[in-house]
Amino acid sequence: MPHVVVVGGGPGGYEAALVARRLGARVTVVERHGLGGAAVLTDVVPSKTLIATAEWFTTAEQGPELGVRGEAPAGERRDLVDLEAVNARVLALADAQSRDIHSRLEREGVEIVAGAGRLDGPSRVVVDTGTGVTTLDADTVLLAVGATPRTLPTAVPDGERILTWTQLYGLAELPEKLIVVGSGVTGAEFAGAYQALGSQVVLVSSRDRVLPGEDMDAAELLEGVFRARGMTVMSRSRAASAVRTEDGVAVTLTDGRVVEGSHVLIAVGGVPSTAGIGLEEAGVRLSASGHVEVDRVSRTSVPGVYAAGDCTGVLPLASVAAMQGRIAMSHALGDAVAPLKPGRVAANIFTAPEIATVGLSESTLRERGYRYVTTTLPLARNPRAKMLGMRDGFVKLFAHPDAGVVLGGVVVAPRASELIFPITLAVAHRLTVDDVADSFTVYPSLSGSIAEAARVLHGQSGEDAAV
Ligand SMILES: Cc1cc2nc3c(=O)[nH]c(=O)nc-3n(C[C@H](O)[C@H](O)[C@H](O)COP(=O)(O)OP(=O)(O)OC[C@H]3O[C@@H](n4cnc5c(N)ncnc54)[C@H](O)[C@@H]3O)c2cc1C
C-alpha cells in the first residue's frame, strides 16, 4: 500500500488525504496547529462568521424603506454589538469545524501527527512533535503548508492595536476607528464588516481604487457604496509605518501624512510557509516569492512531491487549494485526472453587496485579445430587487460572439456567492447564452437577471457588442 504523507492540514491537505484514502493509500497528515488549517481557524471561517453578524445590520438598513420602524443609525450600532459574544461565536464555530475535520479524517483511517514537518530529501518527512522527532517514509509527499499574514517591519503587530487578521477575534471591544491598510479582498471584506458593525473605518489603498485586479465596474461600485456608507477611502496612499500612541495608533503614509485611529489592521497579503522546511535542499523549485512551483496537476520539480494551496500561489482560495490537493492525489495514485482549469474558478468577495466572479474576467479577455460580447444589467431593474429594496449591483455576462458560449460572468448583489452558480455551470459545461436564456427562472427572482442578460446577448454579433 503506497504511503502518502501530507504536510499541512488545511483544505489543500485534508481534502487530498480523504481522496488518497479512497484510492487505497495509507495516509498520514502532519499538522502543526489544528486541522482545517488557516482556512478554518483564522481566515475563511472566522471572517465569514463575523461578516454574518455585520450583514444583519446591512439587511436592517432596508427596514425603514420596507416600512419597518426602528432603524439602528450607524452612530448607535456600536452599543448594539456585543463584540465579545460575536468573537466567542466566531472562535467556537471555527474550533468545532476543526474538530469535525479531525474526527472525519480519523474515521476514514487517516493517521494524524501533530507537529511541524520538514522534508528530508524527496521521500522522507521529519516531524518535530515538540516532545520528540518522528520520521515518516513516503512514496508520495503533498506539501500543503499554506501561508501566514505578511507583516511590515515598520508596523509590527502587537495583537492589541496593530493587528493582523488572525488577531481580530481577541478584541474585547469594537474598534472606535479602525484603519485598514490594504484594499485587496481581505482588506475590503474587513473594512466593510467593521463599518457595518459601527466602527469608523479608514481604508488605506495604494492603488487608484479598491480591489485591484477585480472586475473594474464591480470595484468602482463597491468603492462608491463604501464611501456612501461613510467610510473614508484613501486612494493612492501607501502606509509606511504604524506605531502605538497613548490611546491608539498612528499610521504614517509614504507621503508624510499621518492617519490616527484606535486600531490598525494590516491586510497586505500572505507569505508562503515554505522557508526552512527542507524544500530547496530536496530540489523543490521555489519562485522568487517563495511559492512552490507546480504544474496543472500539482507536480513540483521533484517526482513524487506534489504541492497544493496557498503555498503554490496559484490562486489564494480554499476551493482551489482543495481542488489542487484532490488532483495531486488522483495523479499520484493513478486515478483519472482533470488538470486544474484556472479559467473556470468561481470566487466571491464577501462585502455588501458581494462580488462573485467566474470564468474569464474582462481584463483577461482584453489582454488575450479574445473577441467577446458582453452586457451588464443593473440590479435596480430587477423586480425582486425592487421588492427587497436593493439597488447596488449588477449581472454581467461575457460570451463568444459567434458560438454564444458563456465565457464568464460577474454578479454584484447580496448573496452573489449563491447566484453565481448557474453561470459557473454554464462556463464549466460550455453552455451558450441561448441555453441559459431558455431555462426557466422563478418569477420574481434575482436569478431572473442572469437569464435576462443571456437573452440580451442572444444573436449579438462581435461587431455589435465586442469591446
Ligand atoms: C481573511 C481571509 C479570508 C478568506 N476567505 C476566503 C473565502 O471566503 N473563500 C475562499 O475560498 N478562500 C478564502 N481565503 C483564502 C483561504 O484561506 C486560503 O486560500 C486557504 O486557507 C488555503 O488553504 P491551504 O490548505 O493552502 O492553507 P492553510 O489553510 O493555510 O493551511 C495550511 C496548514 O499547514 C500547516 N502547516 C504549515 N507549515 C507546516 C509544517 N511545516 N508542518 C506542519 N503543518 C504545517 C498550517 O498550520 C496550516 O494549518 C481567505 C483568506 C483570508 C486571509
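How many nonpolar, polar and charged residues does the lining of the second largest pocket have? The model that holds the answer is predicted.

The secondary structure comes to 15 helices and 23 strands. The chain has a radius of gyration of 23 Å, close to the 23 Å that the globule rule gives for 467 residues, so it is as compact as a globular protein of that length. Its C-alpha trace spans about 65 × 65 × 45 Å along the principal axes.

Now the pocket. The second largest pocket holds about 660 Å³ of space. Its lining is made of 30 residues, and T58, T59, Q62, M390 and P414 are the closest to its centre. The largest share, five residues, comes from α3. By class, the lining has 15 nonpolar, six polar and nine charged residues. That settles the opening question.

Next, a helix pair. Two packed helices are described by the angle between their axes and the distance between the axes. Helix α1 covers residues 11-22, and helix α8 covers residues 318-332. Their axes come within 7 Å and cross at roughly 35 degrees. The crossing of α1 past α8 is right-handed. On the α1 side, the contact is made by P11, G12, E15, A16, V19 and A20. They meet A318, A321, A322, G325, R326, M329 and S330 in α8. This contact has eight nonpolar, three polar and two charged residues.

Methods
Residues numbered from 1 in each chain as written. Predicted model: local features only at pLDDT ≥ 70, side-chain atom pairs only at ≥ 80, totals over all residues. Heavy atoms only, no water. Axes fitted to C-alpha atoms, helices over the stretch in contact; angles between N-to-C directions. Helix = DSSP H or I, 4+ residues; strand = E, 2+ residues; numbered from the N terminus. Left-handed = near helix turned anticlockwise from the far one by under 90°. Contact = heavy atoms within 4.5 Å. Nonpolar A, V, L, I, M, F, W, Y, C, P; charged D, E, K, R; others polar. 1 Å grid on protein atoms, 1.4 Å probe; cavity = no way out; pocket = protein on both sides within 12 Å on 5 of 7 lines; lining within 4 Å. Points joined across faces, edges and corners; volume = space filled by probe spheres on them. Rg over C-alpha atoms; globule rule 2.2 N^0.38 Å.
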